[in-house]
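I opened this structure for a first look and kept notes as I went. The entries below follow the order in which I looked things up.

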Amino acid sequence: MRANLRTLTLLAAMIASLTLPGTHAWAVQDYTRTIVVDFDDFRLLLLDEDGRELQSFPVVLPRKTPQLPVEGVVQAVIVNPWWYPTQGTRKAYFQKYGVELPERIPPGNPQNAMGAIKVVVLFTTEGANPTIRIHGTNAPEYIEQRVRVSRGCIRMYNEDALALASAIE
């Protein structure tokens, strides 16, 4: 599948489970799925190897649209991830809420923006931000609003993020 000008396209795999302390992650075996994030429709699509749509999910998009199209490969899916907010995120959070975020936030903490799942991506497009992830959320109200509020990541409802992980498991 060739990416169009307004999408982020990722190759995903049917992947095997690998257990880590307190989490689950999966290691890529071979690419049988494609994840497409449509920046016009605020949707994440999961496609089969023939490009047919298997599932579609609403998403929150970054405030700043990256230079599109962007392509990459799913490296891992982590269940119940820790969140390591960047310095810029921590500064913006303090300015907005007057609360200082810790450098690492455990799973289940209401401040953990990763939600239930974090999809780690290796971008193959030159210049793509390597810290961008697809993940659940601790602020689901933004998804219904179809807004651009994240600092770069693609956010999903936690149950949708779990369904995505299950579909590429």
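This is a predicted model: local features need pLDDT of at least 70, side-chain atom pairs count only at pLDDT 80 or more; totals for chains, interfaces and linings use all residues.

Residues are numbered from 1 along each chain as its sequence is written, and side-chain values use heavy atoms, with hydrogens and water left out.

Entry on the overall build. I take helices (H or I, at least four residues) and strands (E, at least two) as DSSP runs numbered from the N terminus. The protein has three helices and nine strands, and from the N terminus on their order reads β-β-β-β-β-α-β-β-α-β-β-α. With contact meaning heavy atoms within 4.5 Å, I found that 57% of the contacts between residues at least 6 apart in sequence join residues at least 24 apart.

Entry on the pockets. Where is empty space left? Rolling a probe the size of a water molecule over the atoms shows this. A pocket here is found on a 1 Å grid over the protein atoms alone, as an open set of points where a 1.4 Å probe fits, with protein on both sides within 12 Å along at least five of seven lines; lining residues have an atom within 4 Å of a point. A volume is the space filled by probe spheres set on the points, which are joined across faces, edges and corners.

The largest pocket holds about 820 Å³ of space. Of the 30 residues that line the largest pocket, Trp83, Thr89, Ala113, Arg151 and Arg155 are the closest to its centre. Helix H1 gives the most to this lining, with five residues. The second largest pocket has a volume of about 280 Å³, and among its 17 lining residues Lys64, Asn129, Ile132, Arg151 and Gly152 are the closest to its centre.

Entry on two loop residues with positive phi. Phe42, in the loop between strand E2 (23-38) and strand E3 (43-47), has a phi near 55°, a positive value in a residue other than glycine. Asn80, in the loop between strand E5 (70-79) and helix H1 (87-97), also has a positive phi near 55°. Are these residues buried or exposed? Phe42 counts as buried because its relative accessibility is 11%, whereas Asn80 is partly exposed at 36%.

Entry on Val147. I located Val147 in the loop between helix H2 (141-145) and E8, and it counts as partly exposed because its relative accessibility is 22%. Leaving out residues up to four places away in sequence, Val147 touches Phe42, Val60, Leu61 and Tyr142. The C-alpha atoms of Val147 and Pro62 are separated by 8.5 Å, although the two residues are 85 apart along the chain.

Entry on Asn112. Asn112 sits in the loop between H1 and strand E6 (117-123), and it counts as buried because its relative accessibility is 3%. What does Asn112 touch, not counting residues up to four places away in sequence? Asn112 touches Pro81, Trp82, Trp83, Ile105, Pro106, Pro107 and Asn138.

Terms used:
Buried means under 20% relative accessible area, exposed over 50%, partly exposed in between (1.4 Å probe, protein chains only).
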